[in-house]
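Please look over the sequence and the model before reading on.

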Amino acid sequence: MSQTQTLWWASESFWRKMAIWVTAGSFVVLIFLTFDTVKQITAGGKRVPAYSVINHQIDYKFDEKRNFQVPVIGPEEPLFGKKLTEAEAEALVSHGKLTTQAKNCMNCHTLLGNGSYYAPDLTKAWLDPAWGNKDVREQQMVEFLMNPQDRLHNAQGRRMPNLKITEAEARATVAFLKWMSSIDTNGFPANFTPIDQSAAPAAAPAPAAVEPAAAPAQP
Ligand code: HEC
């Protein structure tokens, strides 16, 4: 008999058992991870707030301990000035999400990092200082989404085409964007400066604010 046949770690039965145990073990770990992930990504959890978060101010502050910026849910600040119930908020946000899918925003943008790199990531678009200030932001966003073609929004030179978004779709999309900005993304996107939301009224819109719609767009 040769030497190798007596070595336990070289025997076929050992490796067969090993394969079975590793497969079974990984299966258990995967089941655990699946449940853990579902918990992390479900709206109403710690990382992904309930849809009614759109009734609140959302800010973005540096967290010393985690060493990146995290969303901070602030005092009540209802979207379009109207406080919604959880069910109403969910309906509005999902209408917005369906709009972003129907109009294929990912063709140009990234959402939570997924999509294309032609246009800015939309994860924190709600907090972009280019919307002027918090008092005009919602209206600016609706107007921009409905008529982006004649605007240079944050002066990066590219323009968004008119996607024939209705006002209802635009408002729902703004709700979706507001909700998305409240998601704890482990600091993504990094080095982001949020819009100033201090109580002090902003003296003048930020220099990079949307051009007034009145800008001549005549043929
Ligand atoms: C054909 C490409 C394209 C598509 C499709 C597109 N966008 Fe854009 N979008 C752009 C470009 C380019 C800009 C930057 C415009 C600028 O800065 O002047 C932009 C800017 C924006 C901004 C401002 C971003 C910020 O950080 O303030 C928002 C919000 C936005 N788009 C939302 C959407 C939504 C919602 C959809 C889908 C309904 C969409 N876009 C589809 C090209 C696109």
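The sections below go from the overall layout to single elements, the ligand and some backbone details.

## Overall layout

This is a predicted model, and the protein in it has four helices and four strands. Read from the N terminus on, the elements follow the order α-β-β-α-β-β-α-α. Of the 219 residues in the protein, buried residues make up 23%. Among the contacts between residues at least 6 apart in sequence, 63% join residues that are at least 24 apart.

Ala43 is found in the loop between helix H1 (12–41) and S1. When its neighbours within four places in sequence are left aside, Ala43 is in contact with Val48, Pro49, Ala50 and Tyr51. The C-alpha atoms of Ala43 and Glu90 are separated by 9.5 Å, although these two residues are 47 residues apart along the chain.

Strand S1 (residues 56–63) and strand S2 (residues 68–76) pair in the antiparallel sense, and seven bridges are found over the pairing. Within this pair, Ile58 stands opposite Ile73 in S2.

Four residues lie between the two strands of the hairpin, and Asn67 belongs to this loop between S1 and S2. The phi of Asn67 is positive, near 65°, in a residue other than glycine. Asn67 counts as exposed because it has 8 C-beta neighbours inside 10 Å, and a residue is exposed with 12 or fewer.

Helix H2 covers residues 86–102, which is 17 residues, and its reach of 24 Å from the first C-alpha to the last is close to the 24 Å expected at 1.5 Å a residue. The buried residues of H2 are Ala89, Leu92, Val93, Gly96, Thr99 and Thr100. These residues lie on the same side of H2, because they cover an arc of only 115° around the axis. On the other side of H2, by contrast, Ala87, Gln101 and Ala102 are exposed.

What do the buried residues of H2 pack against? They pack against strand S3 (110–111) and helix H4 (167–181). H2 is followed by Asn104, and the phi of Asn104 is positive, near 50°.

## Around the ligand

There are 28 residues around the ligand, and of these Cys105, Cys108, Ala119, His153 and Met160 come nearest. By kind, the residues of the shell around the ligand divide into 14 nonpolar, nine polar and five charged.

## The segment after H4

Most residues other than glycine have a negative phi, and most peptide bonds are trans. With that in mind, the segment after H4 can be read with some care.

Asn186 lies in the segment after H4, and its phi is near 55°, a positive value in a residue other than glycine. Asn186 is exposed, because 10 other C-beta atoms lie within 10 Å. Pro189 is also found in the segment after H4, and a cis peptide bond with omega of about -10° joins Phe188 and Pro189.

Notes
Residues numbered from 1 in each chain as written. Predicted model: local features only at pLDDT ≥ 70, side-chain atom pairs only at ≥ 80, totals over all residues. Expected span 1.5 Å × (residues − 1). Buried ≥ 20, exposed ≤ 12 C-beta atoms within 10 Å, placed from the backbone. Arc of directions from axis to C-beta. Contact = placed C-beta atoms within 7 Å. Pairing = 2+ DSSP bridges. Near = placed C-beta within 6 Å. Nonpolar A, V, L, I, M, F, W, Y, C, P; charged D, E, K, R; others polar.
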